[in-house]
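I am opening my notebook to record what I look up in this structure, entry by entry. The sequence and the model come first, and my notes follow.

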Amino acid sequence: MTDPKKPASVSIQVERTHPAPIGEQIYMSLHSSIREGILAAGSRLPSDRALAAQLGVARGTIRVAYDRLADEGLIFGAGSSGTWVCSKLPPMPSEHEEVLDRPLAGFTRPYSSAPLPFQVGVPAHDAFPFKTWERMRARAVRADALSYTTYADPRGEPGLRSQIAGHLAVSRQIQCHPDQIIVTSGYRSGLMLTLTALQASGQKAWMEEPGYPLGRRVLELAGLTVEPIPVDAEGLRVEEGITRASDALVALVTPGQQAPLGVTLSPKRRRDLLGWAETQSAWIIEDDYLGELQIDGRATPALASGEGAQRVIHIGTFSKTMSPSLGLGFVVVPKMLTEQFVEIAAVMLPAPNRTTQLAVAEFLADGHFLRHLRQMKDLYCERRACALTHLSKTFPVILRSGLGLVACLPETANDAMLVSKARELGLAPSALSLWYTDATHAKRGFILSITNLRADSIGAACAALNDVIAAQVKA
Ligand SMILES: Cc1ncc(COP(=O)(O)O)c(C=O)c1O
């Protein structure tokens, strides 16, 4: 008879050349062993130390996998008695649950797990300064715990707003008072705050075509009619916007590095756009999701800097420059609108989690943020060059865009289907066609982030993606 107190023996193959990160492979392997009953309900797992030694990985890697399994109710930790497989496992996700996920499944998954190769919208996981960040957070937790038992400023912590204002002056040439800044839980809530404050429901909005699908969805959910306006090599075709919907209340744009094509709005188009907003008393919503994080050269100044800035609402986020898991962003509000924005923030969308705000304020104040950005630019430049070398034979047309590449496919290709094939191999590209409002005119391709292509896995990840295309050609 086996001794139930003795840890079960666990058989896991870790392939260092596999495109999926090692932690993900360990998690997947344990997950399926538990679900398939190979690791029996009620059995004891090896300690993180023992399993780490067995697999030749860091203990933290095992701990992350164990934490995920515990979050899913598959295992539990019992202190010094070890880690155990739950005696009653939660039911498998039903078809119903998958349906609930569906609207977003194509372009945002996976959530709350290790980033997969090519996954869009997430910065490099392996290059995040965890040690420094851990220190800042610990100090912030203490400061927060000792703070007054009163309501926090709904606009966000004054210290953070001052740091953001100072940073924007240098990096984006935006001249603003800290009181024009409202801290949000990221771009999406910044956009919702903006549309609510402008009472935009029932009005028209220009939206870049192609453009960020979540931005489009926010506009729709806020009750606006979306007018897709094409983007070309100079960015948004402003004259087409004016022809189609000169009476729109807002234009939602990514002028710095257009998402997903990466082009910068040309000086003439900038003037035209600002001119239209001034004449029509319309508002430009500048989605500055990458801020100054531009791989090639220097980022152009924000639309909210200089002449015409009084018609621009600038939305920033720490999702790409630090991490989306912070859930932190900000809006720079033109002076004439601050009162109505602050009122909405105070009653509906107050600034999030004070601890994170305090920690980010210190991260900026001590120069870690700028240092981190500099390092990320160099790292992303290397990773992109390497990815281009590996992918250029398979994809004759590849555009450099933001923190990644757009690999173009023939008009007849089903990019959404190819993306699901890639997902089966542990890769997470995004389908270009999903970024269009008008599916009939959508271009096909892969949007590929290069941020998480580590030196030891980039070759395998690119080879696997090339295979997806090769299999399609054969079929
Ligand atoms: C175009 C664009 N805007 C904004 C964001 C960031 O959004 P959030 O701050 O809500 O994470 C992203 C993330 O992928 C994006 O691609």
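**Overall size and make-up**

I began with the radius of gyration, taken over C-alpha atoms: a compact globule of 475 residues would have a value near 23 Å, and the protein has 24 Å, which agrees. The globule rule I used is 2.2 Å times the number of residues to the power 0.38. I note that this is a predicted model, in which local features need pLDDT of at least 70 and side-chain atom pairs count only at pLDDT 80 or more, while totals for chains, interfaces and linings use all residues. Residues are numbered from 1 along each chain as its sequence is written, and side-chain values use heavy atoms, with hydrogens and water left out.

Along the principal axes, the C-alpha atoms fill a box of roughly 85 × 65 × 45 Å. I found 15 helices and 15 strands in the protein; these are DSSP runs numbered from the N terminus, with helices being H or I of at least four residues and strands being E of at least two. Of the 475 residues, 51% count as buried, where buried means under 20% relative accessible area, exposed over 50%, and partly exposed in between, with a 1.4 Å probe and protein chains only.

**Around the ligand**

Which residues are around the ligand? I listed Gly121, Gly186, Tyr187, Arg188, Tyr212, Ala259, Asp287, Tyr289, Thr317, Ser319 and Lys320, each having a heavy atom within 4 Å of the ligand. By class, this shell has 4 nonpolar, 4 polar and 3 charged residues; Ala, Val, Leu, Ile, Met, Phe, Trp, Tyr, Cys and Pro count as nonpolar, Asp, Glu, Lys and Arg as charged, and the others, Gly among them, as polar.

For serine 319, a polar side-chain atom lies 2.7 Å from an oxygen atom of the ligand. The protein covers 94% of the 400 Å² of accessible area that the ligand has on its own, by the Shrake-Rupley method with a 1.4 Å probe.

**Helix H13**

I checked the length of helix H13 (residues 368–391): at 1.5 Å a residue its 24 residues should span 34 Å, and its end C-alpha atoms are 34 Å apart, which agrees. The expected span is 1.5 Å times one less than the number of residues. Among the buried residues of H13 I noted His368, Phe369, Arg383, Arg384 and Leu391.

**Loops and backbone**

Where is proline 210? I found proline 210 in the loop between strand S5 (204–209) and helix H8 (213–221), joined to glutamate 209 by a cis peptide bond with omega about 0 degrees. The peptide bond from alanine 259 to proline 260 is cis as well, with omega near 15 degrees, and proline 260 lies in the loop between strand S8 (250–253) and helix H10 (267–280).

Glutamine 199, in the loop between helix H7 (187–197) and S5, has a positive phi of about 50 degrees although it is not a glycine. Is glutamine 199 buried or exposed? I recorded glutamine 199 as exposed, with a relative accessible area of 65%.

Notes
Polar contact = N/O pair within 3.5 Å; in protein donor to acceptor, adjacent residues only side chain to side chain.
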